[in-house]
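Student: Can we go through this one together? I'd like to start with the overall fold and then look at side chains.

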Amino acid sequence: MATAAATGTILITGANGGLGSAMVQHIISKPELAAYHGLYTVRDTTHAPDLTTALAHGTAHSYDIMSLDLARLDSVRQAAESINSRISAGVIPPIRALILNAGFMDFGKQSWTADKLETAFAVNYLGHWLLTMLLLKSIDKENGRVVIIGSHTHDTNDPRHAVNKAFADPKYKYFLSDADSFHAIAKGKWSTETEDASFRGGYRRYGASKYLQITMQHELQARLNADAALNKICVVGVDPGPMISGLQRLAPWFIRVLIFRIIYALILYLKPINGMIRSTTRSASDVLEAVFVVDEEGNPPKDKYWDGRTPSETSEESRDVSKRELVWKETVKLAGLKEGETVLANWS
């Protein structure tokens, strides 16, 4: 139940993950953030140890823990219907920030959802896209923000790929060319485990899902800007950087343990502030900063993207207007979005 002091709701998907639970811990440690109602979604409400630990210490905070399986569109619709109903009834306040944090990376162990969609695509992109469309009616129309968790993997030309050479082959230089290539990504027929059974295959699939999320940032903001009722809502993106988190749970031993638990942990210890590896605490702070930051004139940062807190540019491919529009239209079909399900005027 929301308290009188709550000034809005902060909704975080994947709240039991390393970054998600760190954001929750950051919220409850600061009274000005704890005044917001927290709506924290997890796949299994009976088993969310990191979230439970994060909530155990801190200032008084009104919150709910809610079940949401982004790999299932029916689960997304059920969760959105419940949230919209509660906000409409005044049980909880409107959404001040919708933080699309939940993530999945298979590290070469390719998998599909019950709907026969590639899992990283479904969890990282499609489920979040549909959730956002359905919840637009409940977002604060004056100050609301949608925060996308980005990644340098969305840009095939990022120099950091030189180490693993995941995008060295010319056939992986672009994610998208037409509707067929979009559906190849969606159905797991692009960069398949058969083509490449190593972690690189999963790395590319993850990058494709993040690319689609970034196209969502740009295209959704453009459509909101053209909507008289929703044009004050901001969509922004934040790359939280490499972190030691549950995202590596499916990685082979040398990545999960040797690289992340030993080498990365050592780098983080030696350079805790400005190193290439970031703590979940630091990245959580960066993401929450994006919820409230304004420019020197007090204007909200529409369609801005940061690497941590450093202003950054998204990939050239993600900014391609024709590709953005193609992705949007094909996503509408795949998600089965119907008239009346979203308040966005130009939704189709």
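Predicted model: local features only at pLDDT ≥ 70, side-chain atom pairs only at ≥ 80, totals over all residues.

Student: OK. How many strands does the sheet have, and in what order?

Tutor: It is an open sheet of 8 strands in the order 3-2-1-4-5-6-7-8, and the pairing is mixed.

Student: Which strands stand at the edges?

Tutor: Strand 3 (63-67) and strand 8 do. Each has a single partner strand, so one side of each is left without a neighbour in the sheet.

Student: What does strand 4 pair with?

Tutor: Strand 1 is joined to strand 4 by 4 bridges, and the two run parallel. Strand 4 also pairs with strand 5 in the parallel sense, again over 4 bridges. For landmarks, I12 stands opposite I99 in strand 4, and A97 stands opposite R145 in strand 5.

Student: Is strand 4 mostly covered or mostly open?

Tutor: Mostly covered: 6 of its 6 residues are buried.

Student: Which helices lie across strand 4?

Tutor: Helix 1 (residues 18-29) lies across strand 4 (95-100), along with strand 1 (9-12), strand 2 and strand 5 (145-149). Its direction is at about 160° to strand 1. Helix 7 lies across strand 4 too, and across strand 5, strand 6 (234-239) and strand 7, running at about 155° to strand 6.

Student: And at the other end, how do strand 7 and strand 8 pair?

Tutor: In the antiparallel sense, over 2 bridges. One of the bridge pairings is between D307 and T310, the latter in strand 8.

Student: Switching to charges. How many salt bridges are there?

Tutor: The structure holds 18.

Student: Which residue does D286 bridge to?

Tutor: R309, with the closest N and O atoms 2.9 Å apart. The pair links distant parts of the chain, 23 residues apart: D286 is in helix 9, and R309 is in the loop between strand 7 (305-307) and strand 8 (310-311).

Student: Are those two buried or exposed?

Tutor: D286 is buried, at 6% relative accessible area. R309 is partly exposed, at 44%.

Student: New topic: aromatics. How many pairs are there?

Tutor: There are 10 aromatic pairs. In one of them, Y36 and F292, the ring centres are 5.6 Å apart and the planes are at 55°.

Student: Why is that pair called tilted?

Tutor: Planes under 30 degrees apart count as stacked and over 60 as edge-to-face, with the rest tilted, so the 55° between Y36 and F292 makes the pair tilted.

Student: Which rings form a cluster?

Tutor: Ring pairs link F167, Y172, F175, W190, Y203 and Y211 into a cluster. The charged end of R204 sits over the ring of Y172, 3.9 Å from its centre.

Student: Last one: which non-glycine residues have a positive phi?

Tutor: K116, at about 65°, and D303, at about 55°, are among them. Most residues other than glycine have a negative phi. K116 lies in the loop between strand 4 and helix 5 (119-135) and counts as exposed at 65% relative accessibility. D303 is in the loop between helix 9 and strand 7 and is partly exposed, at 27%.

Notes. Residues numbered from 1 in each chain as written. Heavy atoms only, no water. Phe/Tyr/Trp six-rings, centres within 6.5 Å; stacked < 30°, edge-to-face > 60°. Lys NZ or Arg CZ within 6 Å of the ring centre and 35° of its normal. Salt bridge = Lys/Arg side-chain N within 4 Å of Asp/Glu carboxyl O. Buried < 20%, exposed > 50% of the residue type's maximum accessible area, 1.4 Å probe, protein only. Pairing = 2+ DSSP bridges. Contact = heavy atoms within 4.5 Å. Axes fitted to C-alpha atoms, helices over the stretch in contact; angles between N-to-C directions.
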